[in-house]
Amino acid sequence: MRIAERAKAWWAFALAASAAPTSYLIAMPCGGACAGCPMGGGCFLAYPVLVALAIGAKSVRFGKGLLRRRP
Amino acid sequence: MNAKETLIRNRWRYISFVVGFFLFVAPFALFTRAVYLIVGNTAEPTLHSVCFRMPIDWIFGGRFYSIFGSSWFMAAFVFGVIISSIFLGAAFCGWLCPVGAVSEAISRAVPIPNKFRLRIRDTKLTMSMRYGFLVGFIAVAALVGYKLASDQLGSICCRYCASSVLQNFASALFGDLSAIEYWQSGAIISLLFWLVIGGLFMSGGRGWCLFFCPLGAFSGLAHKLGARLGFYRIEHKPESCNGCNKCQDVCPMWAIKEDHNIERTLCVNCKECVHACDAYKLIRGRKIADS
């Protein structure tokens with residue numbers, strides 16, 4: 001059980017740690033055009049926010065209910 | 001507990017938050033104005049003048065010269081906050097930071113049932129996410145600073161910063177309507193996560209502080225170090241605990257573990273647990289102090 005909890009924590013850490021560099025890679029082709037883009041850096045934040053919500057939602061009752069497949 | 005009780009219980013903290021707003025947020029920015037007056041800087045101060053994240057970006061991006069440049073007071077402020085957390089806990093986050101104050105206030109003011117609010121009970125998971133995001137932030141700062149990636153972060157850094165959103169919101173509210181130009185989608189996503197998802201739909205209203213604030217993350221580490229060295233901390237006394245879990249419900253930073261001990265890296269010294277339960281005592285040095 002402890003190993004499973006530890007693995008879960010490490011998995012969350014790894015996923016969160018990769019969020020900013022991944023979104024940086026996604027935004028990289030745009031180069032320095034960010035200030036001129038109507039997204040204005042929104043792409044950069046959207047991915048870490050999704051990661052945070054995905055990890056968080058799986059650990060609460062309401063989120064589990066939403067994610068569970070219904071018959 | 002109703003809103004009136006919460007307001008009375010936290011009155012000193014809320015007064016302190018109002019003071020924090022006037023100290024750091026333009027057009028007031030009294031702290032920055034005072035520093036500018038001392039150093040003879042004639043620029044118009046903003047919240048960005050004492051940016052909470054740029055000095056951290058400089059350190060990990062190898063731009064050490066910036067710390068000793070014209071913005072040295074910004075670095076002094078950020079490192080002062082972190083070092084003070086060793087001795088006082090993360091008091092800046094829990095008592096002065098206007099960004100956390102606004103989201104926490106919105107969370108308290110809007111009565112949404114708790115079942116619709118996200119709360120992670122597992123402090124290890126919360127901590128993993130908080131420091132995971134911090135490591136990601138540092139990695140990007142290093143990639144850009146050491147020219148391993150193109151330097152585009154600097155131009156968009158402020159667009160996903162809740163402090164900037166607050167600054168522009170306050171500027172527009174108090175007369176500088178040009179701040180409205182700032183409202184691009186990056187700022188709107190920041191606003192949504194800071195106030196709506198992190199504020200309204202996360203228990204305690206401190207979702208931004210928990211996951212995306214590098215200064216808060218470093219202050220948490222400093223507090224953990226300080227507590228180990230015997231400085232300011234809140235301790236749980238198991239012999240006085242009846243296992244009601246009220247402490248977990250009132251903690252805005254989700255810092256109470258399953259065994260009711262406190263995860264120091266998340267604690268912001270708000271003392272909600274001390275007010276809610278006799279099993280928590282404030283300790284300075286080796287003495288147990290009155291709350």
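## Exercises on chain B of a predicted model

The axes of helix α2 (residues 11-24) and helix α3 (residues 30-39), both in chain B, cross at roughly 45° and come within 4 Å. Keep in mind that this model is predicted.

**Exercise 1.** Work out how α2(B) lies relative to α3(B), and what kinds of residues form their contact.

*Solution.* Start with the crossing angle, roughly 45°. Angles under 35 degrees count as roughly parallel, and 65 to 115 as roughly perpendicular. Next, look at who meets whom: α2(B) brings B:Phe22, B:Leu23 and B:Phe24, while α3(B) brings B:Leu30, B:Phe31 and B:Thr32. Now sort the contact residues: 5 are nonpolar, 1 is polar and none is charged.

**Exercise 2.** Which peptide bond is cis, with omega near 10°?

*Solution.* Go to the loop between α2 and α3 of chain B, where you'll find B:Pro27. The bond you want runs from B:Ala26 to B:Pro27.

**Exercise 3.** Find out which parts of the chain are linked by the salt bridge of B:Glu104 and B:Arg13.

*Solution.* First check the pair itself: the N to O distance is 2.5 Å, and a salt bridge needs the nitrogen within 4 Å of the oxygen. Then place each partner: B:Glu104 sits in helix α8 (residues 98-109) of chain B, and B:Arg13 in helix α2 of chain B. They are 91 residues apart, so this pair links distant parts of the chain. Over all chains, the count comes to 12 salt bridges.

**Exercise 4.** Which residues form a nonpolar patch on the surface, and which helix gives the largest share?

*Solution.* List the members: B:Ile83, B:Phe87, B:Leu88, B:Leu225, B:Leu229 and B:Phe231. Together they have about 570 Å² of accessible area. Helix α6 (residues 72-88) of chain B supplies the largest share, 3 residues. As for B:Leu229, look in the loop between α14 (214-228) and β1 (233-236) of chain B.

**Exercise 5.** What is the phi of B:Asn245 near?

*Solution.* Find B:Asn245 in the loop between β1 and α15 (246-250) of chain B. Its phi is near 65°, a positive value in a residue other than glycine. Most residues other than glycine have a negative phi.

Key. Residues are numbered from 1 along each chain as its sequence is written. Chains are lettered from A and ligands numbered from 1 in the order in which they are written. This is a predicted model: local features need pLDDT of at least 70, side-chain atom pairs count only at pLDDT 80 or more; totals for chains, interfaces and linings use all residues. Side-chain values use heavy atoms; hydrogens and water are left out. Axes are lines fitted to C-alpha atoms, for helices over the stretch in contact, and angles run from 0 to 180 degrees between N-to-C directions. Helices (H or I, at least four residues) and strands (E, at least two) are DSSP runs, numbered from the N terminus. Angles under 35 degrees count as roughly parallel, over 145 as roughly antiparallel, 65 to 115 as roughly perpendicular and the rest as oblique. Contact means heavy atoms within 4.5 Å. Ala, Val, Leu, Ile, Met, Phe, Trp, Tyr, Cys and Pro count as nonpolar, Asp, Glu, Lys and Arg as charged, and the others, Gly among them, as polar. Patches are made of residues with over 30% relative accessible area and no salt bridge: like charges are joined within 9 Å, nonpolar side chains (Val, Leu, Ile, Met, Phe, Trp, Tyr) within 5 Å. Accessible areas come from the Shrake-Rupley method with a 1.4 Å probe; for residues, only the protein chains shown count as cover. A salt bridge is a side-chain nitrogen of Lys or Arg within 4 Å of a carboxyl oxygen of Asp or Glu.
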